[in-house]
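Student: Before we discuss any labels, could you show me the model, so that each term can be set against the value behind it?

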Amino acid sequence: MGFVAGKACDKFTSATPEWASLLPPVLINMQMNYLSMVELKVIPSLSSAEDMATSPKLDETDRRILRALRRDGRLSNLKLAEQVGLSPTPCWNRVRALEESGVIEGYAALLNQKALGLPDTVLIEVTLDRHDDDMLDRFGEALAELPEVMEAYLLTGEYDYLIKVAVAGTEGYEEFLRHKLYKLPGLRHSHSTFVLRCMKREPSVAP
């Protein structure tokens, strides 16, 4: 299941407002949704084989737009259009299409862990004592509620989950283990590794 997006009524989709070229795409859509009646719809994610088979076909112009927004999600529509070689209206329409199709899932600020007092990253491999659907659901839901967990993956192989956690040194790590992770339902065993240095970090896959 993906995110929820707004679809503006036809009154506002037939033409691009004059202010559109001056705003980032995310603010354009916010303004459009504010001015118009919004139809909420659920956009499916592209994680399954069926979704991948029906995913939108991207041309090189779409990919240039995605690369530019991946570098700087705050680009105004006017600057984005200049970078990808389009006039503002076609550029704005393409960004909207990419958002509505789910290729662009959203926009976010990248926060500095160290500045927030959580300079250390720990990768934790977790094994559960049972693997029925109820246990997997309960553990996954409980895990998602922990603010220190930045990413979590259900795995094949020896371990059931790989969890990426932000902590403040060994003391913060022990606090997380004893008072949070070890209290989750179904946990049998865990193995942790401290990250020495991040060699590469990207907010999304390169288009």
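**Terms and their grounds**

Tutor: In this predicted model, strand β3 (residues 120-128) and strand β5 (residues 161-167) run antiparallel and are joined by 7 bridges.

Student: What makes β3 and β5 count as a pair?

Tutor: Pairing asks for at least two bridges between two strands, and 7 bridges join β3 to β5, so the two strands count as paired. Within this pairing, I124 stands opposite I163 in β5.

Student: Which strands make up the open sheet, and in what order?

Tutor: The sheet has 4 strands in the order β4-β5-β3-β6, and the pairing is antiparallel.

Student: Why are β4 and β6 called edge strands?

Tutor: Strands β4 (149-154) and β6 (187-194) each pair on one side only, and that is what the term edge refers to here. From one strand to the next, the twist averages 20 degrees.

Student: Which helix packs on the sheet, and which strands does the helix touch?

Tutor: Helix α7 (residues 133-144) packs there, touching β3, β4, β5 and β6, and the direction of α7 makes about 15 degrees with that of β5.

Student: How do you know whether L181 is buried or exposed?

Tutor: The cut-off for buried is under 20% relative accessible area, and L181, at 0% relative accessibility, therefore counts as buried.

Student: Where does L181 sit, and what does L181 touch?

Tutor: L181 lies in the loop between α8 (169-179) and β6. Leaving aside residues up to four places away in sequence, L181 touches I124, L143, I163, F176 and L187, and among these are I124 and I163, the residues that stand opposite each other in the pairing discussed above. The C-alpha atoms of L181 and V126 are separated by 9.7 Å, although the two residues are 55 residues apart along the chain.

Student: What kinds of residues form the contact of α5 with α6?

Tutor: On the α5 side are N77, L78, L80, A81 and V84, which meet P88, C91, W92 and V95 in α6. These residues divide into 8 nonpolar, 1 polar and no charged.

Key:
Residues numbered from 1 in each chain as written. Predicted model: local features only at pLDDT ≥ 70, side-chain atom pairs only at ≥ 80, totals over all residues. Heavy atoms only, no water. Contact = heavy atoms within 4.5 Å. Nonpolar A, V, L, I, M, F, W, Y, C, P; charged D, E, K, R; others polar. Axes fitted to C-alpha atoms, helices over the stretch in contact; angles between N-to-C directions. Buried < 20%, exposed > 50% of the residue type's maximum accessible area, 1.4 Å probe, protein only.
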